[in-house]
Amino acid sequence: MDSNYSFIFDLVISYRDSINVFWTFYIINLILSAIAYKLGFARRLPILKSVLVYIMLAFGMLILNFFSLVGYPVTDSLIAICLVLGIYRYRLHLQRKSENKEPVK
């Protein structure tokens, strides 16, 4: 029985012979966290502040990446977060679209 709880960890580790596991997890986690930030939390910021936010996000992913390497489901959680926030944004888009199409009385 495996001691970790992450499907993605098992998948990446099974192909360990041909790739560097640390940087694979880092890139996957960075992309998923940037998507989650953009879908759920991003506001319009000046360009320098936006660059600073993404630099801090990249630094934070270095720290969270170690939890992924141990086998915690960080990547799996980020996938679930992106799916939930994507569904939420889509539903919000449909609601705003339907409010704009109401007939004028």
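Me: Which residues of helix 2 are buried?

Reply: Buried means under 20% relative accessible area, with exposed over 50% and partly exposed in between, using a 1.4 Å probe and protein chains only, while helices are DSSP runs of H or I with at least four residues, numbered from the N terminus. In this predicted model, local features need pLDDT of at least 70 and side-chain atom pairs pLDDT 80 or more, whereas totals for chains, interfaces and linings use all residues. Residues are numbered from 1 along each chain as its sequence is written, and side-chain values use heavy atoms, leaving out hydrogens and water. For helix 2, the buried residues are Val 21, Phe 25, Tyr 26, Asn 29, Leu 32, Ser 33, Ala 36 and Tyr 37.

Me: Where do these buried residues fall, seen down the axis of helix 2?

Reply: The arc is taken from the directions that run from the helix axis to the C-beta atoms. Here the buried residues fall within an arc of 150°, so they line one face of helix 2.

Me: Which helices do the buried residues of helix 2 pack against?

Reply: Contact means heavy atoms within 4.5 Å, and the buried residues of helix 2 pack against helix 1 (7–14), helix 3 (47–70) and helix 4 (74–100).

Me: How many aromatic pairs are there?

Reply: Rings of Phe, Tyr and Trp (its six-membered ring) pair if their centres lie within 6.5 Å, and planes under 30 degrees apart count as stacked, over 60 as edge-to-face and the rest as tilted. The count comes to five aromatic pairs, including the edge-to-face pair of Phe 22 and Trp 23, at 5.0 Å centre to centre with 90° between the planes. Trp 23 is partly exposed, at a relative accessible area of 45%.

Methods
Helices (H or I, at least four residues) and strands (E, at least two) are DSSP runs, numbered from the N terminus.
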